[in-house]
Amino acid sequence: RLQAEKICLDTEPVTLDGVRLEIRLNVAAATGHELSGAAYADGCGLFRTEFLYLNGDHLPGEKEQFEAYRKVLEAFGTKPVVLRTMDIGGDKQLPALDLPRESNPFLGVRGLRLSLGRMDLFRTQVRAALRASAYGNLKIMMPMVGGLDEVRAARTVFDEEGSALDAAGIPWDHGLALGIMVEVPSIALIADIAVREVDFISVGTNDLTQYLCAADRMNSAVRQYYQEYHPAVFRLLAHLAEVCRRAGKDISVCGELGGDPLAIPALAGMGICRLSMGAASLAGAKRVVRAMRLSEARALAAEVLQLGTHGEIRARLQAFAQEKG
Ligand code: PEP
Ligand code: MG
């Protein structure tokens, strides 16, 4: 089985009717083991940087961050690496930061909100990331974006820190793409306007599902209401795909749904052909892509978008998977 898995890992994610999808790797710890997956992926679609802040008592300085980012970029060579700025708060609390307790942490100061409230931390991370951009194919995105004011405030920080690096004669990639995660419904519903101001979007379906369904992703008591195949999730994904197609901007999915073998045909059928996932999902995702035709996936997506419940969508996706063996 391991051997079969290895062979599948080594294949290209091409559909039976000849369409090449992009399968990227999510990186969360940047260990040698994790980075060894780089050989089998079309880059890193989500480089979670929180691990740097979880090291007990101290916050990572610019040098420590720069070195970690450079290491990941070098592991991927010329392939793209999408670094996500710190997504702290919500479920990710830090020992080194004494953050105020909140009664609804998932609706509180997390992700980009924390970055904009703690400019000292944000500027350090932005400088480290910009410096690292000279050593590979770096793209940067921000988590937990709810509106354009936040995007503009963040862009100002990138511009200022970039200018400071120029003044100091430190190289960085001036063509670097800046994107956002779409995981809050408010930004998803103005995506047609938002994409004018960003280079790409990556859909964080874990949070998007939690916020659409109003069901805390950590609370097992509402697990039945956290529905990854809720029709609202698929409809919003289809909308985002269409918006990006029209605007000529890249869209990817980097939440769990992107690596879910049942969901992949429907996502591809909607026009989301760039997916990012944990190393454990890579082989399965490639197998699914190689067993389907994009033409059939399009028909599947159209059907799924007419279904009214999580259970009905799951059953339809399962039937499709079964047909493909
Ligand atoms: C997501 O929300 O889908 C996502 C990829 O980010 P995280 O799981 O780290 O919140
Ligand atoms: Mg998220």
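**A walk through the model**

Biologist: Which residues does V243 touch, not counting residues up to four places away in sequence?

Modeller: We count a contact when two C-beta atoms, placed from the backbone, lie within 7 Å. With residues up to four places away in sequence left out, V243 touches A191, D192 and V195.

Biologist: Before we go on, what sort of model is this?

Modeller: Residues are numbered from 1 along each chain as its sequence is written, while chains are lettered from A and ligands numbered from 1 in the order in which they are written. Local features need pLDDT of at least 70, side-chain atom pairs count only at pLDDT 80 or more, and totals for chains, interfaces and linings use all residues, since the model is predicted.

Biologist: Is V243 buried or exposed?

Modeller: A residue is buried with 20 or more other C-beta atoms within 10 Å of its own, exposed with 12 or fewer, and partly exposed in between, with C-beta atoms placed from the backbone. V243 lies in helix α10. Because 20 other C-beta atoms lie within 10 Å, V243 counts as buried.

Biologist: Which elements do the buried residues of α14 pack against?

Modeller: Helices (H or I, at least four residues) and strands (E, at least two) are DSSP runs, numbered from the N terminus. The buried residues of α14 are H310, I313, L317 and F320. They share one side of the helix, because their arc around the axis, taken from the directions from the axis to the C-beta atoms, is only 95°. Their packing partners are α10 (231-247), α11 (264-270) and α13 (294-304).

Biologist: And which exposed residues sit on the face of α14 turned away from its buried side?

Modeller: Helix α14 covers residues 310-323. Its face turned away from the buried side carries the exposed residues G311, Q318, A319, Q322 and E323.

Biologist: Which element gives the most to the shell around ligand 1?

Modeller: A residue is near a molecule if its C-beta atom, placed from the backbone, lies within 6 Å of it. The residues around ligand 1 are L46, R48, D87, E183, G204, T205, N206, D207, C254 and G255. Both β2 (44-48) and α9 supply at least two residues of this shell. The most, three residues, come from α9.

Biologist: Which two residues does UniProt list together under "binding site" (unreviewed entry)?

Modeller: UniProt positions use the numbering here, with feature names shortened, and annotations may be inferred rather than shown by experiment. For this feature, the record lists E183 and D207.

Biologist: Where is the place of E183?

Modeller: E183 is buried, because 27 other C-beta atoms lie within 10 Å. Beyond its neighbours within four places in sequence, E183 is in contact with P143, M144, G204, D207 and L208. Its place is in the loop between β5 (177-182) and α7 (185-188).

Biologist: Last one: how many other C-beta atoms lie within 10 Å of R84?

Modeller: UniProt also places "binding site" (unreviewed entry) at R48, R84, N206, D207 and R217. Of these, R84 is in strand β3 (residues 80-84). R84 is buried, because the number of other C-beta atoms within 10 Å is 27.

Notes
Expected span 1.5 Å × (residues − 1).
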